[in-house]
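The notes follow the order in which I went through the topics.

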Amino acid sequence: MLDLASVRLFILAVEFGNLTRAAEAAGTVQPVVSTRLKGLEAALGRKLLERTPRFVRPTEDGVAFLAKARALMAAHDEAACFDDEPTMRFAIGASDHALGTGLEHVIRHVRAALPSRSALELRSGTSQQVRASFDEGELDAVIIRREAGGADGEVLGTDPLGWRSMEDNVTAPDLPVPLVTLGPPCGVRAVAIRRLDAIKTPWREAFVGGSCSALLAAVRAGLGIAPMGAVASGRMSDVGPRFGLPDLPPSEIVMFARTSSPTASAAARALEVAVQTMLRVT
């Protein structure tokens with residue numbers, strides 16, 4: 001007999017690549033996860049995970065078991081549900097400048113914490129937009145980037161802003177500085193412009209896009225330089241020092257959440273841990 005809680009912890013351990021992060025997502029502690037995974041390995045008679053102080057990764061047997069584990073949990077979740085029960089909905093809002101290229105990482109980890117019959121929804125936009133949707137009750141949790149400070153919400157960490165570009169695609173920018181931004185009312189754009197204006201450096205709007213993916217495409221094509229965070233830009237090089245551009249302040253990455261059930265609480269924990277993991281790498 002396999003312990004289903006241990007199977008779910010195995011899936012989380014593989015997703016997060018770290019027992020401590022898996023424990024945080026599951027609302028428990030690392031020694032409990034380690035003990036339960038050892039019990040699972042003993043029950044199967046196979047070593048499922050390679051462990052180091054910094055990360056865990058599945059063995060060959062672990063990779064083979066992972067697909068079976070996901071199928072087992074999906075079957076369990078299906079068996080526990082009845083047709084007259086409503087599908088559990090968990091709606092997330094994400095500031096594009098808070099997550100950017102890290103969005104896939106976050107989605108995968110939240111999905112791993114939800115039962116298979118749950119409906120995960122995601123909306124992306126500016127911090128102001130997703131925060132407004134949360135305040136209006138349309139979203140269960142949001143991740144925003146906060147430039148001006150504040151006391152509400154849970155601060156998950158800070159993310160440094162920089163002048164992002166590919167080192168080999170940039171020549172000395174002409175004056176004014178060619179900016180690649182999301183356009184107003186983007187808070188990151190406003191911070192960058194204030195810093196340029198403070199040192200009387202002229203600038204021009206070289207590209208205005210609708211997402212950080214579009215900004216990165218414009219940057220890679222050599223249209224200009226984008227003020228972006230480390231996470232959103234995929235840790236692209238900061239060329240500010242090279243061109244004498246002003247330092248940009250780090251921003252707080254903040255989570256707002258309301259949970260109405262144990263399942264929603266688990267999803268919110270997974271969201272929190274996934275974002276914190278990206279910020280720690282930064």
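I began with the largest cavity, whose lining I found to consist of I92, L103, V106, I107, L120, L122 and L271. For this search a cavity is a set of points, on a 1 Å grid over the protein atoms alone, where a 1.4 Å probe fits but cannot get out, and a lining residue has an atom within 4 Å of a point. The model is predicted, and I noted that local features need pLDDT of at least 70 and side-chain atom pairs count only at pLDDT 80 or more, while totals for chains, interfaces and linings use all residues. Residues are numbered from 1 along each chain as its sequence is written, and side-chain values use heavy atoms, with hydrogens and water left out.

I then asked how much space lies in the largest cavity. About 40 Å³ was the result, where a volume is the space filled by probe spheres set on the points, with grid points joined across faces, edges and corners. The structure holds 1 cavity of 30 Å³ or more. The elements giving two or more residues to the lining are α6 and β4 (119-125), and α6 gives the most, with 3 residues. Helices (H or I, at least four residues) and strands (E, at least two) are DSSP runs, numbered from the N terminus. By class, the lining divides into 7 nonpolar, no polar and no charged residues; Ala, Val, Leu, Ile, Met, Phe, Trp, Tyr, Cys and Pro count as nonpolar, Asp, Glu, Lys and Arg as charged, and the others, Gly among them, as polar.

Next I followed α6 (residues 103-113) to helix α1 (residues 4-16), and found that the two pack at an angle of about 175° with their axes 10 Å apart. That makes α1 roughly antiparallel to α6, since angles over 145 degrees count as roughly antiparallel, under 35 as roughly parallel, 65 to 115 as roughly perpendicular and the rest as oblique. Axes are lines fitted to C-alpha atoms, for helices over the stretch in contact, and angles run from 0 to 180 degrees between N-to-C directions. In this pairing R8, L12, E15 and F16 of α1 meet R108, H109, A112 and A113 of α6, contact being heavy atoms within 4.5 Å. The residues of this contact divide into 4 nonpolar, 1 polar and 3 charged.

I also looked up helix α11 (residues 262-281), where V273 is found. Is V273 buried or exposed? V273 is buried, with a relative accessible area of 2%, buried meaning under 20%, exposed over 50% and partly exposed in between (1.4 Å probe, protein chains only). Leaving aside neighbours within four places in sequence, V273 is in contact with F16, R21, E24 and A25. The C-alpha atoms of V273 and V110 are separated by 9.4 Å, although the two are 163 residues apart along the chain.

Q276 lies in α11 and is buried, with a relative accessible area of 15%. Not counting residues up to four places away in sequence, Q276 touches E24 and L156.

With residues up to four places away in sequence not counted, L156 touches I143, I253, M255, E272, V275, Q276 and L279.

Definitions and conventions. 1 Å grid on protein atoms, 1.4 Å probe; cavity = no way out; pocket = protein on both sides within 12 Å on 5 of 7 lines; lining within 4 Å.
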